[in-house]
Amino acid sequence: MNAIPPIVLVYDGECPICSAYCKALAIRQLESRFQIVNARQYHPIIEIINEKGLNLEEGFVLKIEKEYFHGADAIHRLALISTGAGLFNRLNYLIFKSAYFSKILYPFLRTGRNIILFLLGRRKMDQASLPVRLNPD
């Protein structure tokens, strides 16, 4: 099994907004400890996320050490650990540094994601469609 780094962000790789967000994040000082994972491809962390009952259709998941953050909590934590390098990261920090505003704004982001996936004809992620390991050890 692959070792899971201390910080992992799991997102919907078929969502262009989610993909652009993940590419724009500047967490350079954490490169060796940080991994971005497409939830539509197998990775051992997906099994853990399922066991914890976190729904990836409802929001991405951020793992920091042994804690898991979902949706608004994840975007809030990402804002706090980003470098602030570049306009996107500065805006991301200013908007999502507040847990309160993150909880208010995140449902709008999720709704926008759902609309874009629908317009692009892409399927939603449900727990049954997430990739699993074919030959467990």
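Mentor: Before we start, two strands are taken to pair if DSSP finds at least two bridges between them, and helices (H or I, at least four residues) and strands (E, at least two) are DSSP runs numbered from the N terminus. The model is predicted, with local features needing pLDDT of at least 70, side-chain atom pairs counting only at pLDDT 80 or more, and totals for chains, interfaces and linings using all residues. Residues are numbered from 1 along each chain as its sequence is written, and side-chain values use heavy atoms, with hydrogens and water left out.

Trainee: Which strands stand at the edges of the sheet?

Mentor: The 4 strands form an open sheet of mixed pairing, in the order E2-E1-E3-E4. Two of them have a single partner strand each, so one side of each is left without a neighbour in the sheet: these are E2 (34-38) and E4 (67-70).

Trainee: How is H3 placed relative to H4, roughly parallel or oblique?

Mentor: Helix H3 and helix H4 (residues 86-96) pack with their axes 8 Å apart, at an angle of about 125 degrees, where axes are lines fitted to C-alpha atoms, for helices over the stretch in contact, and angles run from 0 to 180 degrees between N-to-C directions. Angles under 35 degrees count as roughly parallel, over 145 as roughly antiparallel, 65 to 115 as roughly perpendicular and the rest as oblique. The angle therefore makes H3, relative to H4, oblique.
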